[in-house]
Amino acid sequence: MTMAEALASGKARLAPCSDSARLDAEWLLADVLAISPGALPARSRQALDEAQRTRYEQQLARREQGEPVAYLLGTQGFWTLDLQVSPAVLIPRPDTELLVEWSRAMLPPKAEAEVADLGTGSGAIALAIARECPKARVLATDVSQAALDVAERNARLNHIANVRFAQGSWFEPLTDERFDLIVSNPPYIAAGDPHLPALRHEPLSALTDGADGLNCLREIVAGARAHLKPGAWLLVEHGYDQAAAVRELFAQAGYLDVQTRRDLGGNERASGGRLGA
């Protein structure tokens, strides 16, 4: 089987289960061959050896079962970072970069700020902020030690030293510390949401609170006040249809300048508010 034939076969197999069948096949084949996808056309007539063909078939079979390409490759790009990912962590999405953009606007690059990322998962948000603001001191927390292991590994791989990690649920690891900025992308999908079955390979606890999708957001918005410095901001990601409810949580908790920003698709995706001085 040549590479061209392998790609054609892979695209045909994945078409019923993926909206990006050709790209998926290219990434999987390139990974098997340990080359970049861009190098595939020049090798289209090259034959796969038996080991490569077997490995490619295995990866295609896993993708046919709905396993995300990021897990099959073990990596996912986010912001300017190359992150390792595993089923222990949620796969970082481009829409979450909105939180990084907003945070960067709050924190000048030379600001010696204290930042906390609650529920860091792969470390995507914490590490992106730390890279953009090298003088900031970032605390990344997660209830899952397996997730923190991934995040710490990503810090080392991306040579980011201004982040520390702590295990615990939401504010438990913060003790009596106060921060210039707190960010979080918590579980916000409601139990029974029709999108959940398609996400079955990702950690359920990182996706849903098992209730209406707002429980974690309620806890974070209410609890962050005790850990923000005067005038500091809390920024959270939420579902496309939750913005009004989340703004109300901020208002009820007494935050000022409550606002929402839209993601790349135009959906209301992140909201924030400022603690009074």
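This is a predicted model: local features need pLDDT of at least 70, side-chain atom pairs count only at pLDDT 80 or more; totals for chains, interfaces and linings use all residues.

Guide: Residues are numbered from 1 along each chain as its sequence is written, and side-chain values use heavy atoms, with hydrogens and water left out.

Visitor: How many residues of domain 1 are in contact with domain 2?
Guide: Six residues of domain 1 contact ten residues of domain 2, contact meaning heavy atoms within 4.5 Å.

Visitor: And what area do they bury?
Guide: About 580 Å² is buried between domain 1 and domain 2, 65% of it on carbon and sulfur atoms. Buried area is the accessible area (1.4 Å probe) that two parts lose on being put together, summed over both.

Visitor: Which residues of domain 1 lose the most?
Guide: Gln65, Ala70 and Tyr71 do, together giving 74% of what the domain 1 side buries.

Visitor: A new topic: where does Ser103 lie?
Guide: Ser103 is in helix H5 (residues 97–106); helices are DSSP runs (H or I, at least four residues), numbered from the N terminus.

Visitor: Buried or exposed?
Guide: Ser103 counts as buried because its relative accessibility is 0%, the cut-off for buried being under 20% relative accessible area (1.4 Å probe, protein chains only).

Visitor: What does Ser103 touch?
Guide: Leaving aside residues up to four places away in sequence, Ser103 touches Ile129, Leu181, Val183 and Leu235.

Key
Helices (H or I, at least four residues) and strands (E, at least two) are DSSP runs, numbered from the N terminus. Buried means under 20% relative accessible area, exposed over 50%, partly exposed in between (1.4 Å probe, protein chains only).
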